[in-house]
Each structure stands twice: as C-alpha cells, then as structure tokens.
Amino acid sequence: MAAAEQSRTAAEIATQPGCWRRAAKAVESGSAGALPRPGERVAVTGCGTSWFMAQSYAALREAAGQGETDAFAASEFPAGRAYDRVVAITRSGTTSEVLGLLAHLRGRVPTTALTADPATPVTETADHTAVLDWADEESVVQTRFATTALALLRAGLERHGAPPAGVKPVEQAAVDAELAVVQPLPQAALEAEQWTFLGRGWTYGLALEAALKMREAAGAWTEAYPAMEYRHGPIAIARPGRAVWLLGSLPEGLSGDIARVGGALLADSDCPGTGERALDPMADLIRAQRLAVALAETSGADPDRPRNLTRSVVLG
C-alpha cells in the first residue's frame, strides 16, 4: 500500500532548523531590522501563537539582563504604559488587534513588527519591519514562522552578550532541531488521552504554544502551566493514560509526584544523569508540533484544515 501523502503542516515543521539558521544570519548581517537594544524598556505583543512567542522572548531578555521586558496579548495591551520600544509579532500582518494597537502607538513609541509578508498593512503601520518571508507558511496552524521569529529575537540577544545561563545559542538549538524532526515520538505521548505541558521561565511560553498546537491541529484535551504550579491543583487530573510533557528544567521532586499518581512524565529537554543529549526546549517544541499532526492524522482529522480556524483573524 502506498504511504499517505505528507501534510503541508508536517512538511513545514521539518524545515525549522534551516529557518533558524537563516534568522541568526540575518541578525549577524544586520538585515534583521530594528530589534531591541540593551537597556531599552520593551513590550512584546501578538495574538495566539505570536503572544506565546512574545512571552518566551520577554523572559529570555530579562534573564539575559538586557532590560525590563513585558509581554501582552495585543487585545490586552496597557497602552498607557511608557516603553522605549514595542515589538509586534504577526505572521499575516493583517491581525486586527495588532494593527489597531500599532496605529494607536504610532508617533508615541517606536514600534518594530516581525511578519512573514511584505505586502500587508503592518508594514505601513509599524515604524520598522523585519520580514521573514522565507519562513512564511501555507498552513493555518503556525509552526515555523513562530519559532523562526523567536530564533531571530534570541539571536538579537546573543548579538549583545552571552545567552542566559543554561540557554543554548541559536546555532546549537538548530542542531537539536535537526534531531527533533527525525526522532521517534515518545510512545507514552502517542498513546495518552490527555496532555499537560509545563515550562519554567522562558519555556512557559513554549508550553503554552505546545498545548495550543495540540488543540488546533488535533482537537486534543491539553493544558499548560508553569512547572512549579502543577502541584497546586492541576496534578489532580493526573492518572495512567495521561502525559505530562516538560519543556526545560525539571523541578525537584516533580517526577516522583507524577509517578506516584500514575502519570507519564516526558522531559527530554532536561535529561540530568542519563547521558543523553538534552534538547533545546524550542527544539523540543518541534516534537510537540509533530505529535499534534500525528494525532490529527490518527483520528482522521486534517491538520492542514483545522476546525473553526482561519489563517488570520480579521475583525469586521
């Protein structure tokens, strides 16, 4: 029997290592646009996936000591606050909430937009634009544009100093991503009936994004929390057949608590004492993206045509 044709989403997921390297080169060459400089007070914004990437970058930037950095959903942005720069992430460049916010901020604070399409309204609304058209996607579900935008922002931090302790340079993250696109998916994750994603610091945004991918592509029951919050309530749903996927460092004692209640812990981006290579958490997110596609296909859903979703939310 002939193999099933690969979905467009799966094909785009597999291109992420090269996209991250290209993002790092764009920063190195100075062609990435007006990214935040050390010492600036910065806010980062977006909607959905872009908001989660904003959260990850904000936590990374502060951990790197490069300046106070906030992250907000565009619809909840506190426009009265004072910032030295606002960075907006928008793949389509047409998202209503982002365009409305940038228009409101115009002339008040410098704005930089990261987008995938140079021919969209955001290029006229933001003061500066970084166009990642080579990371654009046909898929409704975002994968490579979002992580490439975060790779670009990570590389922007590296240009001004070493990454925070325990965080790999983008080039090393890309090497890990090459593993993540080919490694077998964890059997416990494939067989689970429910998935909870956890993160700490900058990886909490990645956990939120992993859960969103599972909901979008597979219609799965997923949740996401800061790792230290898991024992403050969410552990109540843990039992055999349910998986806890940790992106980043494992809090002391958590593995024992999950084992005690019968849950399956997946923590391949933090493998102390195992002798195995610990994946960069952004590379580990690729495996969660792949899991979402695999579960969608297993259930008969089409990951390229997720229910109730469009590529961009444009409000009338």
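Just after helix α2, Gly30 adopts a positive phi of about 85°. Helices (H or I, at least four residues) and strands (E, at least two) are DSSP runs, numbered from the N terminus. The model is predicted: local features need pLDDT of at least 70, side-chain atom pairs count only at pLDDT 80 or more, and totals for chains, interfaces and linings use all residues. Residues are numbered from 1 along each chain as its sequence is written, and side-chain values use heavy atoms, with hydrogens and water left out.

Helix α2 holds 14 residues (16-29), which at 1.5 Å a residue should span 20 Å. The expected span is 1.5 Å times one less than the number of residues. The end C-alpha atoms of α2 are 20 Å apart, in agreement. Its buried residues (under 20% relative accessible area, 1.4 Å probe, protein chains only) are Gln16, Pro17, Cys19, Trp20, Ala23, Ala26 and Val27. Their cover includes α1 (8-13), α6 (144-158), α7 (170-180) and α11 (281-298).

Trp20 lies in α2. Its relative accessible area is 0%. Beyond neighbours within four places in sequence, Trp20 has contacts (heavy atoms within 4.5 Å) with residues including Thr147, Ala151, Val170, Ala174 and Ile286. The side chains of Trp20 and Thr147 make a polar contact at 3.0 Å. Such a contact is a pair of N or O atoms within 3.5 Å; within protein, one must be able to donate a hydrogen and the other to accept it, and residues adjacent in sequence count only if both atoms are side-chain atoms.

In helix α4 (96-105), Ser96, Val98, Leu99, Leu101, Leu102 and Leu105 are buried.

How values were computed. Buried means under 20% relative accessible area, exposed over 50%, partly exposed in between (1.4 Å probe, protein chains only).
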